[in-house]
Amino acid sequence: MGSRSNSSTTDSVALRPVARCLFVTLGCAKNEVDTDRMRALLLRAGFSQAHDVDGADVILINTCSFLSSATAESIEATLELADVVKKGSTRRPIIMCGCVPSRYGSQLVPDLPEVSAFVRADEEDGIVAVVSNVLGIERERTGPYGVCIADRSFLRTIEGTSAYVKISEGCDRFCSFCAIPLIRGSYASRPPDEILAEVRALMEGGVREVILIGQDTGIWGTDLPQALSLAWLLREVARVMRPFGGWVRVLYLQPEGMTDELIAAIRDVPEVLPYIDIPIQHCNERILKSMGRGGSARELRRLFSRLRSEIDGIVLRTTGLVGFPGETEQEFEELVDFIREEEFDYTSVFGYSREDGTRAAAMPGQLCDEDRLEREQRLHDVAEELGFAATASHVGEVVDVIIDGVEGKASDGELIGHAWFQAPDCDGAVHIASGEASVGDVVRVRLVGSFCYELDGEILKG
């Protein structure tokens, strides 16, 4: 792919690296974006990046608190880091960022004395000052966070062929099972000029695929003064990308967000992939209402039928949530039948988690762990059966594949990439045993075999 231009460093102050920062990220792609922004801010302020605990002067762990299990994992990972630090000879303070501090705030201070500072998600732009204070570094304050930045709109250090771009923060849906509004606050669209500037910088740096993400991408722009839409944004992103080539996909759409305008944009704009991720959670009308969501099996069937008829070759991803309070065996079977009948290409399955502060946590009819896990496994088995079959259905096709990496020796290693119907990091990959290509290349590949969600391919000659 060649050397990567990094427009995020052109306006930084020339400073000698004062400390090495180790970044640990837990949770979803949105957290990866937040970590990357903090890393860019620190690098531009003169700090450097460490790649292991021994080489670090300070450790930043970006945590997830979407589920109780994720919170526990975040705290456990923090304590494990603290244990590793204790065994070393140099003090390495730990800074906990992101969702766990956002959700639990000052409650964490007495329980986690191993942590030197807690940074909520809405405080992460001040990370330079936090790190400086924790390390006791006196710095000339050349900007609001101790760093001179002419344009903070697209601070990124991303490497690789695909990049997540966050287009919004927060959520106003308040689904009864979900703690995201408690953690991330109210919905706020990111301004379009910031998004488009970041996309341009990423494409100039060699990125070949941009993935738009947010808690509720379908309503992007509706809260802006100029009342824009996601369809408008997709067309503008495609316009920015067009001179460079490449793809754009969008994740985390809600059924209500599938407007005529958006369907037309996905169908008609060549750069926009016909890959739609719609987390339905359930299909039973009573359960959906109890979840604080709308719709019914009939309405969802009508939507997916329309999408398949209007968008040629569409790939559909969804999410099913089982074991919600009061869910009967019959209602669960209705969800299983719905997933099976719709034959989604990819289905993520989650068991309900009783989250503090959510309305569902106080609802009667909480299922025992055994029943919930049994339902989760049953739906997961159906999802895999469908997903493996959908993957196998692509065998024989000739498709463009973005080369993401090489396993083994660079000279004769296996090329690893992904096709348009595979979202990076979650939908499997294309494995190419031999061929001449570099990371970042887009190559024509014949798909010759499949295993689970993985595909084997051969690069076409000429």
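**Close-up views of a predicted model**

**View 1. Helix α1 and the glycine that follows it.** Helix α1 is mostly covered, since 14 of its 16 residues are buried. The structure shown in this and the following views is a predicted model. At 1.5 Å a residue, the 16 residues of α1 should span 22 Å, and the C-alpha atoms at its ends are 23 Å apart, which agrees. After α1 comes Gly-46, a residue with a positive phi near 105 degrees.

View 2. Not counting residues up to four places away in sequence, Leu-26 touches Asn-31, Ile-61, Asn-62, Thr-63, Cys-64, Glu-73, Ser-74 and Ala-77. A further pairing across the sequence is that of Leu-26 with Cys-99, the two being 73 residues apart along the chain and 9.9 Å apart in space, C-alpha to C-alpha.

View 3. A search of the whole structure finds 0 disulfides. Cys-28 is in no disulfide, and the nearest cysteine sulfur, that of Cys-64, is 6.2 Å away, whereas a disulfide requires the two sulfur atoms to be within 2.5 Å. Cys-28 is partly exposed, with a relative accessible area of 31%. For Cys-283, the closest cysteine sulfur is that of Cys-175, and because the separation is 16 Å, the two are too far apart for a bond. Cys-283 counts as buried, at 1% relative accessibility.

**View 4. The largest pocket and its lining.** The largest pocket holds about 1,400 Å³ of space. Its lining is made up of 47 residues, and those that lie nearest the centre of the pocket are Cys-28, Lys-30, Phe-66, Tyr-252 and Phe-350. Two or more lining residues are given by each of the elements α1 (29–44), α2 (68–87), α6 (180–184), β12 (315–322) and β13 (346–351). By residue class, the lining of the largest pocket divides into 24 nonpolar, 14 polar and 9 charged residues.

**View 5. Helix α7 and the elements it packs against.** Helix α7 (residues 192–204) has 13 residues, and the distance from its first C-alpha to its last is 18 Å, close to the 18 Å expected at 1.5 Å a residue. Its buried residues are Pro-192, Ile-195, Leu-196, Glu-198, Val-199, Ala-201, Leu-202 and Met-203. An α-helix has 3.6 residues a turn, so residues three or four places apart point the same way. The buried residues of α7 pack against β6 (162–166), β9 (209–213) and α8 (230–241). Gly-206, with a positive phi near 110 degrees, follows α7.

**View 6. Glu-342 in helix α12.** Glu-342 has its place in helix α12 (residues 329–342), and at 10% relative accessibility this glutamate counts as buried. Leaving aside neighbours within four places in sequence, Glu-342 is in contact with Arg-301, Phe-304 and Arg-308. Glu-342 and Leu-386 are 44 residues apart in sequence, and their C-alpha atoms are 9.6 Å apart in space.

View 7. Gly-326 lies in the loop between β12 and α12 and is partly exposed, with a relative accessible area of 28%. The C-alpha atoms of Gly-326 and Gly-365 are separated by 4.4 Å, although the two glycines are 39 residues apart along the chain. Gly-365 is also one of the residues that Gly-326 touches, the others being Arg-286, Glu-331, Pro-364 and Leu-367, when residues up to four places away in sequence are not counted.

View 8. Ala-227 has a phi near 50 degrees, a positive value in a residue other than glycine. Ala-227 is found in the loop between β9 and α8, and at 54% relative accessibility counts as exposed. Cys-452 likewise has a positive phi, of about 55 degrees, although it is not a glycine. Cys-452 is found in the loop between β17 (442–451) and β18 (454–459), and at 32% relative accessibility counts as partly exposed.

Notes
Residues numbered from 1 in each chain as written. Predicted model: local features only at pLDDT ≥ 70, side-chain atom pairs only at ≥ 80, totals over all residues. Heavy atoms only, no water. Buried < 20%, exposed > 50% of the residue type's maximum accessible area, 1.4 Å probe, protein only. 1 Å grid on protein atoms, 1.4 Å probe; cavity = no way out; pocket = protein on both sides within 12 Å on 5 of 7 lines; lining within 4 Å. Points joined across faces, edges and corners; volume = space filled by probe spheres on them. Helix = DSSP H or I, 4+ residues; strand = E, 2+ residues; numbered from the N terminus. Nonpolar A, V, L, I, M, F, W, Y, C, P; charged D, E, K, R; others polar. Expected span 1.5 Å × (residues − 1). Contact = heavy atoms within 4.5 Å.
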